[in-house]
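Try each task before reading its solution.

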Amino acid sequence: MPLNGMFEIASATDPGRVRSHNEDSIATDPEIGLAVLADGMGGYNAGEVASGIAVAMIARDMRKALETERRMYRGTAGNGALAAPDLLRRHAAHANRTIYETAQNQRQYRGMGTTLVMTLFYDDQVAVGHIGDSRLYRMRGDRLSQLTRDHSLLQEQIDGGMLTREQARHSRNRGIITRAVGIDPQVETEIHVHDTRPGDIYLLCSDGLNDMVGDDDIRLTLDTLRANLPLAAQQLVQQANDNGGRDNISVILVGVRGNEAAHGGWLDKIIKWARA
């Protein structure tokens, strides 16, 4: 049984008002509860190559891993909670190695890399993996919360008390990240697991959104348009462009319709789906 009945997913991506091409890449797979977003960086075309590799590999390999996970966790209680963080970590590492090796072997791609944020929903939880400054937010009721912490110079300055969040919004150091996919042979993926509730809305976005649109306006848009997620995604992109659109803008919205745990475990569902 696929999981797509448990979620509503909408997405939008746009080059913005300044950039000539879009180096963001996104993918969703409602049947396994997966959403992936990457914001590429590098020389001409290299950024979109890096983000494209990361997103395509993770989306493809996550599906291929289902039978392996079935054998690994057969008969294990709570196996979804065991499998999901490991899946995210393993496939992010694989994408990192592929991008790094491609950059080393092809001169035109030297120095390319990408941010990454990905979610894997299962039972009544979501596993989140991220590298860099692409973000995950959660709208629960009328409250918007940022669930990821940027791997960036600005975040380090905020944490160290050198800047306030308002000062950071106007800093010249925006966009300097301290961790990225494909720059080094290995990279640490930050992984967290959160409970989900029916009615939650999860927003994955590149910094082209949150640099242009403040959290209060994001919250208002999601609250107003929660019944129409495709329109909400388009409206967020439009707001970023209206405010200058200085970077590529990508958003993925995942609305939780019901409690998956009430209908059986995540791993059982994807095993049945994979064997259908």
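Of the contacts in the chain with a separation of 6 or more, 73% are between residues 24 or more positions apart, where contact means heavy atoms within 4.5 Å. This is a predicted model, in which local features need pLDDT of at least 70 and side-chain atom pairs count only at pLDDT 80 or more, while totals for chains, interfaces and linings use all residues. Residues are numbered from 1 along each chain as its sequence is written, and side-chain values use heavy atoms, with hydrogens and water left out.

**Exercise 1. Overview**

Task: state how many helices and strands the chain has, and what percentage of its residues is buried.

Solution: Start with the secondary structure, which comes to 9 helices and 11 strands; these are DSSP runs numbered from the N terminus, with helices being H or I of at least four residues and strands E of at least two. Next, take burial: 52% of the 276 residues are buried. Here buried means under 20% relative accessible area, exposed means over 50%, and partly exposed lies in between, with a 1.4 Å probe and protein chains only.

**Exercise 2. The cores**

Task: find which residues have the most contacts inside the largest nonpolar core.

Solution: A nonpolar core is a set of buried Ala, Val, Leu, Ile, Met, Phe, Trp, Tyr and Cys residues joined through side-chain atoms within 4.5 Å. The largest one has 31 residues, and Met62, Met112 and Leu116 have the most contacts inside it. Then ask where the residues come from: strand S3 (34–41), helix H1 (46–64), helix H3 (79–105), strand S5 (116–122) and strand S6 (125–131) each give two or more. H1 supplies the largest share, 8 residues. A second, separate core has 23 residues, including Leu203, Cys205, Met212 and Ile218. Finally, look around Met112: beyond four places in sequence, its contacts include Met41, Ala46, Ile53, Ile99 and Ile183.

**Exercise 3. A helix pair**

Task: work out how helix H7 and helix H8 pack.

Solution: First, locate H7 at residues 215–224 and H8 at residues 229–242; their axes are 9 Å apart, at an angle of about 155 degrees. Axes are lines fitted to C-alpha atoms, for helices over the stretch in contact, and angles run from 0 to 180 degrees between N-to-C directions. Now list the partners: Asp217, Ile218, Thr221 and Leu222 in H7 meet Ala232, Gln235, Leu236 and Gln239 in H8. By class, the contact residues are 4 nonpolar, 3 polar and 1 charged; Ala, Val, Leu, Ile, Met, Phe, Trp, Tyr, Cys and Pro count as nonpolar, Asp, Glu, Lys and Arg as charged, and the others, Gly among them, as polar.
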